[in-house]
Amino acid sequence: QVRLAESGGGLVQPGGSLRLSCTASGSILRNNIMGWYRQAPGKERELVATITNGGSTNYAESVKGRFTMSRDNAKNTVILQMDSLKPEDTAVYYCNLAMVILGQEYNYWGQGTQVTVSS
């Protein structure tokens, strides 16, 4: 069983910054990909950023240059540093951990944390 615990959401003015954190616990393989996804009201969940256990990152075009994802493998923790926030970044942000076991992909999700960008 894998659990993901998120923290760091909140209300911020446009142009401000927030830092999201997610810590995974349980039976976690060394080779995994962790990511952040978000879902705004009335919209589908979308990818924000992912990071491999080797540190390779991938970002959605809408957040490139503004968001930075990092991880501490020893602590099974990922950080999403969000700068220059815009109102359109408002959403519930979900942490994800994906790993492959015997050829089968497993995805685990956190409970979500609200990010609101508003003046």
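Biologist: Thanks! C22 and C95: buried or exposed?
Modeller: Both C22 and C95 are buried. Keep in mind that this is a predicted model.

Biologist: Got it. What joins C22 to C95?
Modeller: A disulfide joins them, with an S to S distance of 2.0 Å. C22 lies in strand 3 and C95 in strand 9, which covers residues 91–101. The pair is 73 residues apart, so it links distant parts of the chain.

Biologist: How many disulfides does the count come to?
Modeller: The count comes to 1 disulfide.

Biologist: Nice. Switching to T77, where is its place?
Modeller: T77 sits in strand 8, residues 77–82.

Biologist: Is T77 buried or exposed, and why?
Modeller: T77 counts as buried because its relative accessible area is 13%, and the cut-off for buried is under 20%.

Biologist: Which residues does T77 touch, leaving out those up to four places away in sequence?
Modeller: T77 touches S21, C22, T23, S70, R71 and D72. One of those, C22, is the cysteine joined to C95 by the disulfide.

Biologist: What does the side chain of T77 make polar contact with?
Modeller: The side chain of T77 makes a polar contact with the side chain of T23 at 2.9 Å. The T77 side chain also reaches the backbone oxygen of K75, at 3.0 Å.

Biologist: How many residues apart in sequence are T77 and A5?
Modeller: T77 and A5 are 72 residues apart in sequence, and their C-alpha atoms are 9.4 Å apart in space.

Biologist: Where is the place of L29?
Modeller: L29 is in the loop between strand 3 (18–26) and strand 4 (33–39).

Biologist: And what is the relative accessible area of L29?
Modeller: For L29 the value is 37%, so this leucine is partly exposed.

Methods
Residues numbered from 1 in each chain as written. Predicted model: local features only at pLDDT ≥ 70, side-chain atom pairs only at ≥ 80, totals over all residues. Heavy atoms only, no water. Helix = DSSP H or I, 4+ residues; strand = E, 2+ residues; numbered from the N terminus. Buried < 20%, exposed > 50% of the residue type's maximum accessible area, 1.4 Å probe, protein only. Disulfide = S-S within 2.5 Å. Contact = heavy atoms within 4.5 Å. Polar contact = N/O pair within 3.5 Å; in protein donor to acceptor, adjacent residues only side chain to side chain.
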